[in-house]
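Here's a quick briefing to keep next to the model while you look around.

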Amino acid sequence: MAGDIKITKEETAKGGRYVTVVSGHEAEMTFSRVNPELIIVDHTGVPDALRGQGVGQALALHAVEDARAGGWKIIPLCPFMRAQSLRHKDWADVVRQS
């Protein structure tokens, strides 16, 4: 399922979110922009109906890939994003552990 998830980015001057809708349920990962080189991922919300389907992990990977493409770093304040970043040592190039 995770490979089929279409994720879009909604951005404001101060932050934004990565969002997907799967089977009518919306999941999101929100972030705040500290400066052009740094974002803070502060929340991941996945409805119970989507748990265990890789939706949260797909959002996290999308944020990492977006950071690599955009040239910025991520501070993972969100417990889910922090746990994912500790599992994925290959994300260390863009994830800063605080």
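In this predicted model, the largest nonpolar core has 25 residues, and Val41, Val55, Ile74 and Met81 are the ones that touch the most other members. Helix H1 (55–70) gives the most to this core, with seven residues.

**Core**
- Besides helix H1 (55–70), strands E2 (15–22), E3 (25–35) and E4 (38–45) each supply at least two core residues.
- Leaving out residues up to four places away in sequence, Val41 touches Met29, Thr30 and Phe31, then Ile74, Ile75, Pro76, Leu77 and Cys78, plus Met81.
- Two of those partners, Ile74 and Met81, are also on the list of residues touching the most other core members.

**Arginine 17**
- Arg17 sits in strand E2.
- With a relative accessible area of 18%, Arg17 counts as buried because the cut-off is under 20%.
- Its side chain pairs up with two glutamates: there's a polar contact of 3.1 Å to the side chain of Glu26, and another of 2.6 Å to the side chain of Glu28.
- Not counting residues up to four places away in sequence, Arg17 touches Thr8, Lys9 and Glu10 as well as Glu26, Glu28, Met29, Thr30 and Phe31.

**Serine 85**
- Look for Ser85 in helix H2, which covers residues 79–87.
- Ser85 is buried too, at 5% relative accessibility.
- Setting aside residues up to four places away in sequence, Ser85 touches Pro76, Trp91, Val95 and Gln97.

Key. Residues are numbered from 1 along each chain as its sequence is written. This is a predicted model: local features need pLDDT of at least 70, side-chain atom pairs count only at pLDDT 80 or more; totals for chains, interfaces and linings use all residues. Side-chain values use heavy atoms; hydrogens and water are left out. A nonpolar core is a set of buried Ala, Val, Leu, Ile, Met, Phe, Trp, Tyr and Cys residues joined through side-chain atoms within 4.5 Å. Buried means under 20% relative accessible area, exposed over 50%, partly exposed in between (1.4 Å probe, protein chains only). Helices (H or I, at least four residues) and strands (E, at least two) are DSSP runs, numbered from the N terminus. Contact means heavy atoms within 4.5 Å. A polar contact is a pair of N or O atoms within 3.5 Å; within protein, one must be able to donate a hydrogen and the other to accept it, and residues adjacent in sequence count only if both atoms are side-chain atoms.
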